[in-house]
Amino acid sequence: MLFMTYEVTINGRSHRLELERADGLWQCRLDGREVRLDAVLARRDVLSVLIDGKAYEIKREQTATDMHLWVGGERFAAELRDPKSLRGRKGGSADEHGAKKLLAPMPGKVVRVLVPEQTEVEAGQGIIVVEAMKMQNELKSPKKGVVQKVLAAEGAAVNAGDVLAIVE
Amino acid sequence: MFRKILIANRGEIAVRVIRACRELGITSVAVYSDVDRASLHVRKADEAYHIGPAAASESYLNIPKILDVARRSGAEAIHPGYGFLSENAKFAQACVDAGIKFVGPTAASMEMMGSKTRARQHMEKAGVPFVPGTSRGLQSFAEAEQVAARIGYPVMLKAAAGGGGKGMRLVGSPDELESALQAARSEAQRSFGDSEVYVEKYIVNPRHIEMQILADEHGNCVWLGERECSIQRRHQKVLEESPSPLVDPEMRRRMGEIAVRVAKAANYTNAGTVEFLSDQEKNFYFLEMNTRLQVEHPVTELITGLDLVHLQIRLAAGEKLPFTQDEVHLRGHAMECRIYAEDPDNNYFPSPGKITLLLAPSGPGIRRDSGMYEGWTVPIDYDPLLAKLIGYGTDRQQTIGRLIRALNEYFVGGIKTNISLFRRILNDREFQAGKMDTGYLDRLLALAAEAGPPQDKSANIAAIAAGLFIALEPTTTTGNGSLSNGVGSAGRGEAASGWKRMARAEGLRSG
């Protein structure tokens, strides 16, 4: 028998999810409530779910920095942890108490580094400015702490997912 | 007819022209910059040549390099697409000098239309309507009073040397005129060192409506109906449609005839578009002529049944227009959504990157002109237009319904796009009623998006799906026996046994 437990965060709200295979279907418990459903992975990142005859298509969008799920025209920020199997979501940054990485959300060019290493920063404070398609985007600190390292120099070309700075 | 054409462009429009070449049996030649080696137009073309670094000035705008490729590859004509070199008279002339046909008007026509003052002189002679007012500076307050009374309030005072809103004053009634004129003059003097001010009728809630024309090199010219382009964000078109909800057959005929007059006054050849500003009472005024194929040309193609790129190529090859004005029939309704790589939740900031998932709509009344594919990385160096989704239907309502349906099928993962913006516009009541002007979209966006009640149900589905994606994912990682065993999904196991059953049944029959 297959049994899985996950901690899921949807738009900042935590849920406890248990999934169990049962007679070719899925018995699912979300925050204690039971749902029975049928699910097929139509292709990578596209899931078809049937619940009581109602059909849902869910699309998964994974960028270098985050994961979003689309249910119809609605988009949800999602995070997933699997305490039992230790299969965390891919591409995540380090845990909340330790160092956090500042990742480039898109390919571009570093036009300005706003704070030098060893500076104390507030959560949300701008650290690096990246230019793409002739527009500038200020990348903000993911947490309050000290900028331990700045890994990109002004003028450098960066790819999506590149670590630009580490805040601890 | 040409045997080989070079396309001096990239993205969806290069793919559009390459397709037309293929349909006409013409060999297509693509050019590409460093970052476009893997772009769709390079994949689709018969031949492709590298022309330089990512910066457009060193590649897609580099006239000597493009002409060199044309010569080396033996291309007889160059299609410029839109943007880049398409309205560059020097390029059109350089093509002629190199013995290569430029698919578009002559350099002389382009130059005339490129200069506002020269265009105005020629057009006024041809009886083309301009926004009423003085084209030269006002000599006195008395003259201002007289002109304003003649054209009717509200009027706009504008600095002759101006731009950027400096030295501009909106005047609603005669008693405001004197102080407004003084203020505009002193502001113009301060800003531009020139106090010359002219007056124009102020168009309240203007609409941007344009007319497509086609002209051959034998003096024939036809109009192909209007396109309403009032849905704009920061002066950039976002959605276009034809016919315009404002235009009736009489207005269309008048606008078409004036557009043809504009084209003839400029000795225009090939495809072109005459832009007008219209008020809500159907008075319209000449703005400018776009001397190229427009981004939004597909809406005209759908309602006329014509292929404008085929026609551009045939006209450039010296053929006569294959139909007369009387043979042009408009039928149905078409609407185009410009899909941009930009983030609606982050002030429409460009969002280049890798497309990790692409689900494309199809079905009745849907056309998609696209320059992207799954796995392609959208470069940061060019315009963020990815694709155009065009809907067609019997009438406007059916077209809107089809587009909303298709937008819900459309999914681009890995980068942000403005697809959600179109759901909002197409579902808006004012838009559905055809009530629009060039300020419509900025007003709509200034309202906070109607945040519906928090969708707990969808959030719960998302939470369950987050786990299911992992549980159903074909896993290549080791060290988790229970998960690998669970990979056979609900559907998969049953399907497999179904196949087996059928195979057995088949086996029995054949045996």
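## Helix packing, loop geometry and chain contact

In chain B, helix H4 (residues 89-97) and helix H5 (residues 107-114) have axes that come within 8 Å and cross at roughly 170°. The model is predicted: local features need pLDDT of at least 70, side-chain atom pairs count only at pLDDT 80 or more, and totals for chains, interfaces and linings use all residues. Residues are numbered from 1 along each chain as its sequence is written, while chains are lettered from A and ligands numbered from 1 in the order in which they are written. Helices (H or I, at least four residues) and strands (E, at least two) are DSSP runs, numbered from the N terminus.

**Helix pairs in chain B**

- H4(B) and H5(B) are therefore roughly antiparallel to each other, a term for angles over 145 degrees. Axes are lines fitted to C-alpha atoms, for helices over the stretch in contact, and angles run from 0 to 180 degrees between N-to-C directions.
- B:Ala89, B:Ala92 and B:Gln93 of H4(B) make the contact with B:Ala107, B:Met110, B:Glu111 and B:Gly114 of H5(B); two residues are in contact if their C-beta atoms, placed from the backbone, lie within 7 Å.
- The contact of H4(B) with H5(B) comprises four nonpolar, two polar and one charged residues. Ala, Val, Leu, Ile, Met, Phe, Trp, Tyr, Cys and Pro count as nonpolar, Asp, Glu, Lys and Arg as charged, and the others, Gly among them, as polar.
- Helix H12 (residues 396-409) and helix H13 (residues 419-427) of chain B pack at an angle of about 150°, their axes being 10 Å apart. H12(B) and H13(B) are therefore also roughly antiparallel to each other.
- From H12(B), B:Ile400, B:Leu403, B:Ile404 and B:Leu407 meet B:Ile419, B:Phe422, B:Arg423, B:Leu426 and B:Asn427 of H13(B). By class, this contact has seven nonpolar, one polar and one charged residues.

**Helix H8 of chain B**

- Helix H8 (residues 177-192) has 16 residues, which at 1.5 Å a residue should span 22 Å; the end C-alpha atoms are 21 Å apart, in agreement. The expected span is 1.5 Å times one less than the number of residues.
- B:Leu177, B:Ala180, B:Leu181, B:Ala184, B:Arg185, B:Glu187 and B:Ala188 are the buried residues of H8(B), buried being defined as 20 or more other C-beta atoms within 10 Å of a residue's own, with C-beta atoms placed from the backbone.
- These buried residues pack against helix H7 (141-151), strand E6 (155-159), strand E7 (169-171) and strand E8 (197-201) of chain B.

**Backbone geometry in loops of chain B**

- The peptide bond from B:Tyr153 to B:Pro154 is cis, with omega near -5°; B:Pro154 is in the loop between H7 and E6.
- A cis peptide bond also joins B:Ser242 to B:Pro243, with omega near -5°, and B:Pro243 is found in the loop between strand E11 (236-242) and helix H9 (249-265).
- B:His235, although not a glycine, has a positive phi of about 65° and lies in the loop between strand E10 (221-233) and E11. B:His235 counts as exposed because it has 8 C-beta neighbours inside 10 Å, the cut-off being 12 or fewer.
- B:Asn267, in the loop between H9 and strand E12 (270-278), has a positive phi of about 50° although it is not a glycine.

**Contact between the chains**

- Chain A contributes 48 residues and chain B 42 residues.
- On the side of chain A that touches chain B, the largest share, six residues, comes from strand E6 (residues 54-62) of chain A.

Key
Angles under 35 degrees count as roughly parallel, over 145 as roughly antiparallel, 65 to 115 as roughly perpendicular and the rest as oblique.
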